[in-house]
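Q: Can we go through this one piece by piece? Start wherever you like.

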Amino acid sequence: MLITDDFLPVPVPESLSATYLVPTTGLPSVTARTAVRGLAGRLAEPVYGLARQMLDSPLMSVDTRPVGEFPELPPDLLTAFGASEAQLDRLAAATHLVVVQAEYRPGWPPAHEWAARAVAAAVAEAVGGDVVDVFGLQFLDPAAALRSLPDAEGRVRLVDWVLVPYSSDAEGLWFTTKGLRRFGLLELQTQGVPDHLTRAWGAVMTGAARRLLRDWTDGLAGDDVPAFVQLPVLATVTGHDIAVAYGNPEQHGATAPVLLRLELDPATDPDADSFLSLRPPAGHPGPAGRYFANACATLFSGIQPDVRYARSGDAMSRAVATARAGLADIRSRFRDGQLPPQTQLVVKYGLPGDDGPEYVWAGVTTWDSPDRIVGASASDANTDPTVRIGSPVVVDVSDIVDWAVLGTSGVIEGGWTQAVLDAGQPPTP
């Protein structure tokens, strides 16, 4: 095994397993095979074929057990991961559990997870019940479980498989992933994240998970399962990684990449988990939290905010007028999907402040109403503590002073006010 300063060898487990439960009151009225046949034409390949093949092989087992024969699921953790009162009540009233378990080698596709979830969802749909993902300690309704499986083009949303919980300590926020071990990879963690980056860093962690999972499965592509996969010590994360992980490749795909250093943090307790830690690159000056904030600014903007404003009739006013004149056209193109691939539409709008408006940028998520945009903030505002990188925002179109289409090399259309600022237009009091 070749070990260099550029790569980190990460051990590969011999096999992986998945377990899903379907709580029932009384014995189920349908068999797993019958339930899966009901998905014909609704579930894309290769998942439908995988589910049927694994049902007929020793790689999968489907058993119905009395509730008391299965370890109790902790209600507090189920609640923390989104369980509703109704779901917990149905679990408490259940007399039996349909236990779906599958095993497979590490690599892509993760046949154990896809097949087991498909079979459990089919059974739950047939009996009108819930699916419990034992690994994630999550309830899934059957429709949501089926939607999380690959579509006809083989695409999945990583957020349907990997969670990013966090907690707070004296050094800031501690983020971890929960779901990468489904694929054999160690979970990620980041410590010392500033409190105001809660949403933004969760998205960055998800994008990093997507990028590393791709490197991981590339390393498992051979016929034989290796003992180690070498992952790059400097992980590159882009806005496109984040967008794909969330199932929106048309959004946030045009930002510059950021680098995160990957370190192995082995557990000292044999019952605890080891992690892959994401840290700033070696030699980065200043605290880690500052680097994380700059990384979020890079990944969620591409254009910096400003607090400058201008008098009527000067270059800035002409830039604003040009931008506003094009709003109707850019909305139509955005809604019709006519923007270039791998680009992002952003708008600049004003927030009121004591010394004049502060102009901040937001990525456009939806623009259904001509008068209102729903998006995600691309920067932290100075005047409004609720406007933080990645936070949802609603923008009145009347407040917009500029817009831009971001490509991989920066602004490819629009950005008139930014051009004035970059050219050295002096701010006016």
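A: On helix H4, the face turned away from the buried side carries the exposed residues Glu85 and Ala92. Exposed is over 50% relative accessible area, buried is under 20%, and partly exposed is in between (1.4 Å probe, protein chains only). Helices (H or I, at least four residues) and strands (E, at least two) are DSSP runs, numbered from the N terminus.

Q: Is this experimental or predicted, and what are the ground rules?
A: The model is predicted: local features need pLDDT of at least 70, side-chain atom pairs count only at pLDDT 80 or more, and totals for chains, interfaces and linings use all residues. Residues are numbered from 1 along each chain as its sequence is written, and side-chain values use heavy atoms, with hydrogens and water left out.

Q: Back to H4 then, which residues are buried?
A: Gln87, Leu88 and Leu91, in a helix that spans residues 85–93. They cover an arc of only 100 degrees around the axis, so they sit on the same side of H4. The arc is that of the directions from the helix axis to the C-beta atoms.

Q: What do the buried residues of H4 pack against?
A: E2, helix H3 (75–80), E4 and E6. Contact here means heavy atoms within 4.5 Å.

Q: What's the strand order in the open sheet?
A: E3-E4-E2-E5-E6, five strands with antiparallel pairing. The edge strands, E3 (60–66) and E6 (138–140), each pair on one side only. Two strands pair if DSSP finds at least two bridges between them.

Q: How many bridges join E3 to E4?
A: Seven, and E4 covers residues 96–104. Proline 66 has histidine 96 in E4 as its bridge partner.

Q: Which helix lies across E2, E3, E4, E5 and E6?
A: H5 (residues 111–127), running at about 5 degrees to E2. Axes are lines fitted to C-alpha atoms, for helices over the stretch in contact, and angles run from 0 to 180 degrees between N-to-C directions.

Q: New topic. At what angle do H7 and H9 pack?
A: About 75 degrees, with the axes of H7 (residues 198–219) and H9 (residues 288–300) 10 Å apart. H7 and H9 are therefore roughly perpendicular, a label for 65 to 115 degrees.

Q: Who makes the contact?
A: Ala200, Trp201, Ala203 and Val204 from H7, with Phe292, Ala295, Cys296, Leu299 and Phe300 from H9.

Q: Last one: leucine 276, buried or exposed?
A: Buried, with a relative accessible area of 0%. Leucine 276 lies in strand E13 (residues 275–279). Beyond its neighbours within four places in sequence, leucine 276 has contacts including Leu8, Val10, Leu231 and Leu264.

How values were computed
Parallel < 35°, antiparallel > 145°, perpendicular 65-115°, else oblique.
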